[in-house]
Protein chains: 2
Amino acid sequence: MTGPARDPDPAAPPSGYFEVDRSADVVGASFATTTDPRLREILQSLVGHLHAFVKDVEPTVPEWESAIAFLTATGQMCDDVRQEFILLSDVLGVSMLVESLNHAAGGRLTEATVEGPFHMVASPERQLGADINVSAEPGEPCLVTGRVVDQHGIPVAGASVDVWQANARGFYDVQRPNEMPQGELRGLFRTDAEGRFHFRTIVPAHYPIPTDGPVGDLLRATGRHGFRPAHVHVEVSAPGLRTLTTHVFVAGSPYLDSDAVFGVKQSLIVDFATVDDPVRAASIGLSNPFRHADFPVVLRRDERAGG
Amino acid sequence: MTGPARDPDPAAPPSGYFEVDRSADVVGASFATTTDPRLREILQSLVGHLHAFVKDVEPTVPEWESAIAFLTATGQMCDDVRQEFILLSDVLGVSMLVESLNHAAGGRLTEATVEGPFHMVASPERQLGADINVSAEPGEPCLVTGRVVDQHGIPVAGASVDVWQANARGFYDVQRPNEMPQGELRGLFRTDAEGRFHFRTIVPAHYPIPTDGPVGDLLRATGRHGFRPAHVHVEVSAPGLRTLTTHVFVAGSPYLDSDAVFGVKQSLIVDFATVDDPVRAASIGLSNPFRHADFPVVLRRDERAGG
């Protein structure tokens with residue numbers, strides 16, 4: 001290793017040719033002509049990380065062919081009511097990461113989580129206190145209450161609170177159109193003058209994501225299950241405040257520690273307490289005993305926007 | 001920043017919950033149950049690099065949705081004769097990287113390059129010296145010669161030399177089934193006792209990869225062209241030696257410095273010299289003048305296998 005360098009190559013290739021050692025630079029340079037600076041940034045970063053991954057694992061040609069076949073099958077599984085690439089993003093934790101990066105919740109702000117694939121229909125507008133279990137599906141009767149405030153604790157009157165959930169067998173209305181009326185277990189509420197909302201429902205069940213496609217094959221090959229713990233989706237918006245998309249998870253549900261899509265955060269797990277109070281049950285229109293979950297919501301008021 | 005640490009959280013979440021700062025660890029741990037150790041290694045590496053990419057660019061939700069839509073469209077573009085995900089792998093330099101990692105060519109060994117999508121039909125067996133331009137397509141007449149040796153310079157007799165190429169308008173037979181007979185500009189030859197091969201053809205043209213799908217959209221959005229420089233595909237195999245998949249690139253072709261799939265290596269660019277020699281032309285059955293490319297091939301003999 002001493003003495004003059006050996007084997008300098010007098011016929012070194014021009015800088016543009018592909019070489020393993022600087023493959024990401026060569027390919028990244030091909031995107032230098034991209035006029036949209038954000039697209040250029042994304043693609044050049046993609047190339048860097050993608051080539052680092054390939055060099056890390058050094059796939060054989062058959063392994064690369066398997067990856068091509070998997071991605072192709074994932075695209076071909078998609079149709080109007082099935083989005084297998086979102087499912088893949090979900091089980092790889094990418095959806096949750098994108099959601100978290102876009103909704104960093106410092107301080108007292110309520111944390112966000114994934115929206116999921118079942119917000120495909122508009123929730124029907126309902127009065128505060130309404131029962132979203134409109135067709136009296138079997139299940140444990142439940143009261144959900146909450147209050148929407150901003151980061152200074154100021155109540156947000158008239159905020160939109162959109163909720164949707166699975167039934168006690170783990171199905172959303174759009175999955176069982178012949179059994180559940182559209183809008184079942186969905187509701188769009190407005191908070192009152194004190195920022196409060198409340199509605200009646202049943203306790204949702206845990207359920208599996210669809211596993212009859214390539215993502216299901218991946219889960220089986222890796223010994224992972226496809227279940228999500230029980231939850232109620234909540235999306236809260238109001239003028240001048242950042243929209244929050246999150247879940248209320250049912251404390252004690254199976255799979256809280258191993259959500260297939262990594263959506264659980266400690267702060268979103270809520271006690272659905274059993275209440276044995278015939279008078280109160282009668283006053284709100286539920287059978288006794290019932291469950292009660294209270295979910296305070298703290299939104300960020302975007303003060304730069306003057307909202 | 002001095003004094004006791006502030007805000008220790010007495011209700012710190014269990015280690016399994018998702019957090020941005022250790023998202024790749026949480027998701028990677030979900031694959032710990034994978035019984036196939038190679039699959040586990042690949043997926044955990046994928047998660048690490050994929051999450052690093054997402055954190056690097058911090059996509060907005062609409063950008064993430066655009067990525068989902070692009071991948072979905074890429075899968076849905078695929079059919080029996082079109083593989084858009086291979087094309088995507090090609091234009092991102094991944095195909096070339098995988099090929100290069102699997103066929104590192106140290107010392108005198110001939111370098112490999114991508115196989116490409118047009119080796120879908122078997123080349124017809126032909127005698128040494130045959131003309132693979134069987135239907136007399138227009139183009140510059142050309143002689144290709146070569147010799148196959150191992151890394152010690154020992155000739156390899158009886159080696160299989162499979163060649164395929166585009167015509168002078170840039171089309172392969174499989175792309176123009178109504179105009180070009182199947183097997184046109186393809187041939188499977190055997191080297192002679194001295195390891196030599198030779199055949200007649202026409203000089204191929206440069207051509208564009210298919211740009212009517214999502215990959216074409218990507219190239220247009222980034223100001224990249226879709227052309228490949230002119231080349232003849234060569235695949236050489238023999239018992240006891242590692243199979244080589246490579247190209248002979250035509251020196252002076254457009255796009256040598258900007259191959260859309262990054263396949264060019266300096267060592268694979270060959271002078272297709274013009275020969276003005278009526279006697280030699282007549283003896284090999286070409287019109288005069290003709291072009292001549294000589295492509296020596298050095299294969300790796302796998303000595304551990306005793307071949």
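Modeller: A nonpolar core is a set of buried Ala, Val, Leu, Ile, Met, Phe, Trp, Tyr and Cys residues joined through C-beta atoms within 7 Å; a residue is buried with 20 or more other C-beta atoms within 10 Å of its own, exposed with 12 or fewer, and partly exposed in between, with C-beta atoms placed from the backbone. What you see is a predicted model, where local features need pLDDT of at least 70, side-chain atom pairs count only at pLDDT 80 or more, and totals for chains, interfaces and linings use all residues. Residues are numbered from 1 along each chain as its sequence is written, while chains are lettered from A and ligands numbered from 1 in the order in which they are written.

Colleague: Which residues touch the most other members of the largest nonpolar core?

Modeller: That core has 148 residues. Beyond four places in sequence, B:Leu299 is in contact (C-beta atoms within 7 Å) with residues including B:Val148, B:Val236 and B:Leu244. The two that touch the most other members are A:Leu299 and B:Leu299.

Colleague: Which element gives the most to the side of chain A that touches chain B?

Modeller: Start with the contact, where 64 residues of chain A meet 64 residues of chain B. The elements of chain A giving two or more residues to that side are α1 (23-30), α2, α3, α4 (84-91) and α5 (94-102), helices here being DSSP runs (H or I, at least four residues) numbered from the N terminus. With 15 residues, the one that gives the most is α2(A).

Colleague: How do α2(A) and α2(B) lie relative to each other, roughly parallel or roughly antiparallel?

Modeller: Both helices span residues 37-57, and their axes are 9 Å apart at about 160 degrees. The contact is made by residues including A:Leu46 and A:Phe53 of α2(A), and B:Leu46 and B:Phe53 of α2(B). Angles over 145 degrees count as roughly antiparallel, so the two helices are roughly antiparallel.

Colleague: How many of the eight residues of α4(B) are buried?

Modeller: Helix α4 of chain B covers residues 84-91. Its buried residues are covered by elements that include α3 (61-76) of chain A and, from chain B, α3 (61-76), α5 (94-102) and α6 (214-221).

Colleague: Is B:Pro254 buried or partly exposed?

Modeller: B:Pro254 sits in the loop between β8 (241-250) and β9 (269-270) of chain B. Not counting residues up to four places away in sequence, B:Pro254 touches B:His206, B:Phe227 and B:Pro229. With 14 other C-beta atoms within 10 Å, B:Pro254 is partly exposed.

Methods. Contact = placed C-beta atoms within 7 Å. Axes fitted to C-alpha atoms, helices over the stretch in contact; angles between N-to-C directions. Parallel < 35°, antiparallel > 145°, perpendicular 65-115°, else oblique.
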